[in-house]
Amino acid sequence: MGVFDVKPIIADAQVNPPVWVSEAISVCGYCSVGCSMIVGSQDGYVTYVQGNPDSPINKGSLCSKGSAAAQLSTIVSSDTGSRIPNPKRLTSVKYRAPYSTDWVNMDYATAIRMIAQRVRSTRDSTFADKGVKSPETGLTVNRCEGIASVGAAAFNNEACYLITKLARALGIVYLEHQARV
């Protein structure tokens, strides 16, 4: 015998089944647990979020914040009852110039170009050519000490792998992770 009576929940799901046309597997971004979610969508709007039962982390369960993750992108209109974009959701890059008090909208191409230029200039100005030969490979050891990389526990293995490969390719030596901080 269970602690909770799930009959009302089952009855409601039969009367009001979740609606979606496509679904995707995602990771909840609220905390560092990294619970897996199944996100259903229809007509470009998130209509349903549930825990992923195939995940060894959360085994299909979500906390109250993860269960409400659909509200990050859409909300239910109080007037029509249909899903509409959440007006509080950021849909463009916000940029605040140094010493400025105002945020301005910036397109993604400009923001990515600006980040790439800053990474390049920081790497070039802080790159240390030690000229030390590695005993294993005989190659010169070079390093960039002006950039650090901090990972997050909500990243999956593939994202962490790519971030680490990029950091190593740039010569970054300060790699850290949220779980160790």
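Me: Why is Asp-124 called partly exposed?
Reply: Its relative accessibility is 45%, and partly exposed lies between buried (under 20% relative accessible area) and exposed (over 50%), with a 1.4 Å probe and protein chains only, so Asp-124 counts as partly exposed. This is a predicted model, where local features need pLDDT of at least 70, side-chain atom pairs count only at pLDDT 80 or more, and totals for chains, interfaces and linings use all residues. Residues are numbered from 1 along each chain as its sequence is written, and side-chain values use heavy atoms, leaving out hydrogens and water.

Me: And what makes Arg-120 exposed or buried?
Reply: Arg-120 has 55% relative accessibility, so it counts as exposed.

Me: What makes Arg-120 and Asp-124 a salt bridge?
Reply: The term asks for a side-chain nitrogen of Lys or Arg within 4 Å of a carboxyl oxygen of Asp or Glu. Here the closest N and O atoms are 3.0 Å apart, so the pair forms a salt bridge. Both residues lie in helix α3, four residues apart, about one turn of the helix.

Me: How many salt bridges does a search of the whole structure find?
Reply: Two. Arg-143 and Glu-145 also meet in one, at 2.7 Å from N to O. Arg-143, at 26% relative accessibility, counts as partly exposed, and so does Glu-145, at 34%.

Notes
Helices (H or I, at least four residues) and strands (E, at least two) are DSSP runs, numbered from the N terminus.
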